[in-house]
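Good morning, colleagues. Please have the sequence and the structure in view while I speak.

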Amino acid sequence: MKTNTYRAKKLLLSLFATLLPALASAEKVEIDGIWYNLVSKAKQAEVTFKGDSYNFYDEYYGSIAIPAIVTYDGVEYSVTSIGERAFSICTNLTNVTIPKGVTSIGDEAFYQCSSLTTVTIPEGVANIGEHAFVYCSSLTTITIPKSVTSIGYRTFYGCSSLTSINIPEGVTTVGKDAFYGCSSLASITIPEGVTSIGESAFVYCSSLTTITIPESVTSIKNYTFNGCSGLNSITIPKSVTSIGDRAFYDCI
């Protein structure tokens, strides 16, 4: 037992030692009005929030075009990610252009950006974090590239102006509450290859009138279409072997 504990501690120390240089080299700087965490060793930049902490930060305003490459002290850095809470509660942000080269969008990256109307996610983004676009109530359209493989927990929760979305063929999972409260969502295509649709994924999508579930789905979970009061047609394939509690509750 002591030997195993020693080995575990040694492994943790080794991992920490590996990560420490990267963490130590990260530097938060402002370049042309946008804040970044720069990792000098990897020559990579992550877009981050303004200010000193998540709880005390300044807003980004208007329309922002994030460059693919930034230069600081004569060194070029590739912009590869939108960090956690980078634009959180920027209520006056109207548009963001995300460059090619970005591979991830962090948790709550655009949380409660209530004036944000359009976002184009470039090819190459593989991960969109939880709560990424929660309460983006002015968001009407969004383009998701084929490189995205999953739509996370509450990604578009409360996006009440979102009218349509095309889920690409590479997506295999739609997370719990992913489109909860998207009351203007009139149409959605779930592609073959999606194997899991989370609980409450489309709750209160009251404008949704028709939906086709692909044969790759084997179960419809609890509350999936609860409150979809405009739903008048649904195609359920033979592959589905179970339908959860209140999956179609109040689909009048």
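Predicted model: local features only at pLDDT ≥ 70, side-chain atom pairs only at ≥ 80, totals over all residues.

A residue is called buried when its relative accessible area is under 20%, exposed when that area is over 50%, and partly exposed in between.

Let me begin with the cysteines. Cysteine 136 is buried, at a relative accessible area of 0%. Which cysteine sulfur is closest to that of cysteine 136? It belongs to cysteine 159 and lies 5.1 Å away, which is too far for a bond, since a disulfide requires two cysteine sulfur atoms within 2.5 Å. Cysteine 251 is likewise in no disulfide: the nearest cysteine sulfur, in cysteine 228, is at 5.2 Å. Cysteine 251 is partly exposed, with a relative accessible area of 22%. By this criterion, the count is 0 disulfides.

I now turn to the strands. The hairpin has 2 residues between the strands, and aspartate 32 adopts a positive phi near 50°.

Strand 2 also pairs with strand 3, residues 44-47, in the antiparallel sense, over 4 bridges. Here tyrosine 36 stands opposite valine 47. In this second hairpin, 4 residues lie between the strands, and lysine 43 in the turn has a positive phi of about 55°.

Thank you.

How values were computed: Residues numbered from 1 in each chain as written. Heavy atoms only, no water. Buried < 20%, exposed > 50% of the residue type's maximum accessible area, 1.4 Å probe, protein only. Pairing = 2+ DSSP bridges.
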